[in-house]
Amino acid sequence: MFNENQLNAIDTVINDNLIEAGLDNVIFMDMAGNAIAKHDNGKNRLDSIALAALAAGNFAAVDAMAKLVGESEFSLLFHKGEKLSIHFSKVDDETLLISMFNKEISLGLVRLKVAETIKQINTILASD
Amino acid sequence: MALINVKTKEVQIKIVYYGPGRGGKTTNLEYINEKYRDQIKTEMVSLKTQDDRTLFFDFLPFDVGQIKGFDITIQLYTVPGQVKYNATRRLVLRGVDGIVFVADVQKEQRKKNIDSLNQLYENLETYNLDLFNMPVVMQYNKIDLKRSDIPILSSKTMQKDLNSLLQAPAFEASALKGGNVIPTLKKSISMTLASIQDQLF
Amino acid sequence: MNSLAELKNIVASLNENITGDDITTFQKLISQLGQQYEGNTNVTTFLKMMRSLSKYLAFKKNNAHADSIPALNSIVMQLEKVINDPDLKEDDASQILSDEIEKYKTLKNKIASKPSITDNDINDLKAVILSVDWEISDVTLLNFETVTTNLLKQFKNYKIHYTFLKIIHSIGRYIGRQKANAPTDSISFLRSVFENFELIILTPEMTFKEKKQILETDINRFYEFKQKIPRQKKTTNLKDDTSEDESFSPALSHIKKTGMAAADEVVPLTTLGESEGFPLEEKTDSDKMAPALADKKSSSMGPRDIMDDLFSVKESPADELLDAIHLQDIPGQSPSQALNMLNQTRNIPSDGVKNFTPQNMDNEPIPEIGNRLDEFFNLEAPEDSDESFEESLSKREDKNDDSGGPLPDPDFDILTRLKTTIKTPESLQDKSSLMSINQDISLLEKSWQNDPEKTCLLQIISSLTNVLKNQPETVLQENKSTTNEADENIPDTPQEETVGVLGKIKGMFTS
């Protein structure tokens, strides 16, 4: 559950850390497939509703696979595309951060920036 | 879980069409999608197998407009009905707000209907949800078969098998032809919204 | 002599494999020979070359230039000749030495012009760069540092290669320092410099000039990159002020657990189809199957006759009448609850985003929900059977006025009263009735003052009432007799219009 202050803070953190750094799209969503906050660089249109639903299903399926093979979770869920790649990261047990980026940015850098963003989001969520 | 964003004044509710395999869940959504193509601006997502069985889920989101200043988005999902997909069914049920149970009136499906509903109860338990506390609508689908040679169960039997304890509103339906598909949906949306309206309106 | 024999042995061993120990021993032996032949310039020169070569081999070991060991072999052989042949003239010895010096110089040139870099080196560098591409962590950065430092040592004397490696090394170090704050193009720049480096290695025929050009481009890009390094501090707008946060109740704390359905609660079944009734109950439907959820809920309810409260979507007026009779038996929700829901003026929470699981099953949906759904789903053509279902439903509700309706409400009572009064033909002439009509209208106007549509309709009713009131009595009575017959032909008689209007108000209010 979030209040408006938290939402605003989360928006800022995502924008400053990720969109400003050159990522194409970022969606902060819950595990049921609802998008809580959506950000993009204005350059490409995205059916974020369908994406969030599929992302939730994808993440949930992969998570189930992890448990099946004896892992508590997989630390990297990343889909590499020719032009665009998608990176998934768990924020907390109920929310996910989905980041989409093009060839100009390396995965390593995205992972670092996402990790930092998540840390800040968790601070925001804990602050209430 | 219904999501209410007071900042953007949006409400999102999730309704899952559940039931045994080949019962008509996907057909329900396909009918809705077809009939209201103009009002439903988003594409329906169907994750299917090659022989047209739902693999993961069908997903159809649409906005019904505003109620008391809130934009209401309905997210319809179907689950794969085949027995082997129970793990996936459980995933799709996550965060569900309302359920439409699509039962198949064919006689040979009688046990499958019952098993499916029982399993639904168990699947919800994994999320600490109680089926008896949820907005549920029953749909007895393929009623059009009564004009054919295929033996079907009476609505009385269906009610007894599936609804005697649940006491949910029930609709006979023919999803293929669209009969009572929309009333089922309206009832489900109405009940689901009613179940959260105290927090909203 | 011993030293020389040992030297030969060591060289033989070096031919097989260049080890650090062998080189050390080799160098010792060279020193010994040096002391032994201190005055002999030829031998000293030989030994100098060998010493140089040994240092080179010590560094390169098995990565040494392919010609180094043959050169060493040759030098040792000639040295042996010079030392061991007593008849060798000074000139011949000098000649042999010169030859060997030539060979040595040739080898030196070869080593200098073609730095020996193996595939392994290139792959190692590629691997650490890719690993940093995928993950910037202490491990990947350490590996990167190790490999690049090693290569820098290797290429200390080769300016072009060294410069490439220096750039790569610098960028890597910078990324390691900045981590998440590194510019987004840092890795792609790193990759491209590496690709250029790889290119000049794999193209040995490339001229010195060409190599220099490529390098200069990268140097310029490197300087540009350095200048682009952002200097501003990042500021985050985390709002630390939590004192403004409104308190909100934890999730689910307000959701009542619904009890079991009351024993006499109705389970409506909406049927489908043109024909009345249902297929004959299958005699073969066995009762052996346990109903679903039988073990899930201990129910105190007795078995119900589920067919009791059927109402069907039919197409004939007779069916509607039948349904109306059915529906009269349906008890509505508790009136007080419905009233509370309608009258509550709960504020929309001004919090952010809420998630919760709907569990309140006792609520009757507020009218706005039904209205919105009707509007949304009834935009299609009228042949949609769903619409007819809706119409029949609203008609049934109209007929249920007198039996109390689903949503009793003071406004509703006034409306009903008004309708009844207006319906009566003499009411418009009777002063007390007129007063009652006007009173009711103003009561409703007050109640619905925030609803412009409803107030407008009330005003229409009021005006019509006034118009009709002012009609002369006889005319009205005459008109009445004709209007009764002409009802079908004149669809917009005031009476019907009033009823229609009231019906519409009712519809808005109750659907």
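Helices (H or I, at least four residues) and strands (E, at least two) in these legends are DSSP runs, numbered from the N terminus. This is a predicted model, in which local features need pLDDT of at least 70, side-chain atom pairs count only at pLDDT 80 or more, and totals for chains, interfaces and linings use all residues. Residues are numbered from 1 along each chain as its sequence is written, chains are lettered from A and ligands numbered from 1 in the order in which they are written, and side-chain values use heavy atoms, with hydrogens and water left out.

**View 1. B:Lys68, in the loop between strands E4 and E5 of chain B.** Strand E4 covers 54-67 and strand E5 covers 70-78, with B:Lys68 in the loop between them. Its phi is near 50°, so we have a positive value in a residue other than glycine. B:Lys68 is partly exposed, at a relative accessible area of 43% (buried means under 20%, exposed over 50%, partly exposed in between; 1.4 Å probe, protein chains only).

**View 2. B:Asn128, another non-glycine with positive phi.** Here phi is about 60°. Look for B:Asn128 in the loop between helix H3 (110-125) and strand E7 (136-141) of chain B. With 71% relative accessibility, B:Asn128 counts as exposed.

View 3. Chain B has 5 helices and 8 strands, and from the N terminus on they run β-β-α-β-β-β-α-β-α-β-α-β-α. Of its 201 residues, 71% are buried. Take the contacts in chain B (heavy atoms within 4.5 Å) with a separation of 6 or more: 69% of them are between residues 24 or more positions apart.

**View 4. Helices H9 and H10 of chain C, packed together.** H9 (residues 186-202) and H10 (residues 208-228) pack at an angle of about 165°, and their axes are 10 Å apart (axes are lines fitted to C-alpha atoms, for helices over the stretch in contact, and angles run from 0 to 180 degrees between N-to-C directions). That makes H9(C) roughly antiparallel to H10(C), a label for angles over 145 degrees, whereas under 35 is roughly parallel, 65 to 115 roughly perpendicular and the rest oblique. Residues of H9(C) at the contact include C:Phe189, C:Val193 and C:Ile200, and among those they face in H10(C) are C:Ile214, C:Phe222 and C:Phe225. By class, the contact has 7 nonpolar, 3 polar and 3 charged residues (Ala, Val, Leu, Ile, Met, Phe, Trp, Tyr, Cys and Pro count as nonpolar, Asp, Glu, Lys and Arg as charged, and the others, Gly among them, as polar).

**View 5. C:Leu418, buried in helix H15 of chain C.** H15 spans residues 410-423, and C:Leu418 has 0% relative accessibility. Leaving out residues up to four places away in sequence, C:Leu418 touches C:Ile437, C:Asp440, C:Ile441 and C:Leu444. C:Gln439 is 21 residues from C:Leu418 in sequence and 9.3 Å from it in space, C-alpha to C-alpha.

**View 6. A:Glu104, touching residues of chain C.** A:Glu104 lies in the loop between strand E5 (95-102) and helix H3 (107-126) of chain A, and counts as exposed at 53% relative accessibility. The residues A:Glu104 touches, not counting those up to four places away in sequence, are C:Thr184, C:Asp185 and C:Ser188. Within chain A, A:Glu104 and A:Leu84 are 20 residues apart in sequence and 9.7 Å apart, C-alpha to C-alpha.
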